[in-house]
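Come along as I look up a few places, one entry at a time.

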Amino acid sequence: MLNLERLRTLDALARHGSVSGAAAGLHVTTSAVSQQMTKLEREVGQQLLAKNGRGVRLTDAGRLLAEHAGRILSQVELAQSDLEEQRGKAVGELRISAFPTAMRGLLPATLGALRAGHPGLRVRSRELEPQPAVAAVVRGDIDMAVVLDWYNKPLPMPEGLVKAPLLDDPADVAMPAAHPLADRAEVDLEEFADDEWITWAEGEFCHEWLMFTLRAKGIEPRIAHRAEEHHTQLALVAAGLGVCVAPQLGRDPMPAGVRTVPVRHRVNRHVYVVWRADADRRPSIRAAVEALQGAAAGTR
């Protein structure tokens, strides 16, 4: 009989492409991964890994078994979903992630509701940006993720995932109180062509959206400062160091010396939660979606 945990280790190796990546995804040590693979090779009587420079690669036998492992683990997920559904209670462990402002603006109320309504459910949460979060759901590192995309830039979504909308999150432009446009009722993004921008880290989904949007309007952004947290960005705005896009979700309290002005042509982030289709019937997933939607309704 093939050992399920060893197949899970092989699946992680195939998905992550390295022992260290598999170890990180499984939250174990690299030596634990190596030991599991050694035992699995003894079980099947074939070499599954071969050295590849300083790393390893899957042999033909390893790739073949990894394909079966992925299907086996998916069937196990379905079996767990069926059992949970038959029991009808949200129990066990649920791993969820959210991007930073959703972590602040949605997760506290969501986790509180789940603890009160489903005491048999252990929820583990972590902060992840949308793109790595989707990848983590696909890999099975987490069960569900709160993610976002923008009105003009969708987040790529792999097959095999299910999603549910939570809210549309309007974004304003935040500027120092002394800015010439601070007392306006509405602004256009083009009016900030000569301003210095405070944005997210290079390569982050929201940063790429800002570059895409401003360049589409004929503006080459002058990036002055980068900060991953919106509250840090707003602190830099308060110091008079530039302007930034300020979504409404999770941004309060607003620092003194900052004004936010709506964009004339609405700038929205679409916030939703995603999970794997093979876990769709799990009561814990349904309970979490319901709690998230309740928390989202409370922000309006």
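Before the first entry, one definition: I count two strands as paired if DSSP finds at least two bridges between them. I also keep in mind that this is a predicted model.

**Entry 1: a hairpin**

I looked up strand S1, residues 49-52, and strand S2, residues 55-58. They pair in the antiparallel sense, with four bridges. Within this pairing I found Lys51 standing opposite Val56 of S2. Two residues lie between the strands of the hairpin, and Gly53 there has a positive phi near 65 degrees. I noted beside it that most residues other than glycine have a negative phi.

Next I asked at what angle the axes of H2 and H3 cross. For helix H2 (residues 19-26) and helix H3 (residues 30-44), the answer is roughly 105 degrees, and the axes come within 8 Å. Angles of 65 to 115 degrees count as roughly perpendicular, so H2 and H3 are roughly perpendicular to each other. On the H2 side, the contact is made by Val19, Ser20, Ala22 and Ala23. H3 brings Thr30, Val33 and Ser34. Sorted by class, the contact of H2 with H3 has four nonpolar residues, three polar ones and no charged ones.

**Entry 2: the two sides of H6**

Which residues of helix H6 are buried? In this helix, residues 107-117, I wrote down Leu107, Thr110 and Leu114. They cover an arc of only 65 degrees around the axis, so they sit on the same side of H6. The face turned away from that buried side carries Pro108, Arg115 and Ala116, which are exposed. I then looked up what the buried residues of H6 pack against: strands S3 (92-98), S4 (121-127) and S5 (144-150), together with helices H5 (100-105) and H10 (283-297).

**Entry 3: Arg300**

I moved on to Arg300, in the segment after H10. Is Arg300 buried or exposed? Its relative accessibility is 66%, and exposed means over 50%, so Arg300 counts as exposed. Leaving aside neighbours within four places in sequence, I found Arg300 in contact with Leu166 and Leu167. I also looked up Leu249, which is 51 residues from Arg300 along the chain; their C-alpha atoms are separated by 9.5 Å.

**Entry 4: a cis bond**

My last stop was the loop between strand S9 (244-247) and strand S10 (258-262), where Pro253 lies. Asp252 and Pro253 are joined by a cis peptide bond, with omega about 5 degrees.

Conventions:
Residues are numbered from 1 along each chain as its sequence is written. This is a predicted model: local features need pLDDT of at least 70, side-chain atom pairs count only at pLDDT 80 or more; totals for chains, interfaces and linings use all residues. Side-chain values use heavy atoms; hydrogens and water are left out. Axes are lines fitted to C-alpha atoms, for helices over the stretch in contact, and angles run from 0 to 180 degrees between N-to-C directions. Angles under 35 degrees count as roughly parallel, over 145 as roughly antiparallel, 65 to 115 as roughly perpendicular and the rest as oblique. Contact means heavy atoms within 4.5 Å. Ala, Val, Leu, Ile, Met, Phe, Trp, Tyr, Cys and Pro count as nonpolar, Asp, Glu, Lys and Arg as charged, and the others, Gly among them, as polar. Buried means under 20% relative accessible area, exposed over 50%, partly exposed in between (1.4 Å probe, protein chains only). The arc is that of the directions from the helix axis to the C-beta atoms.
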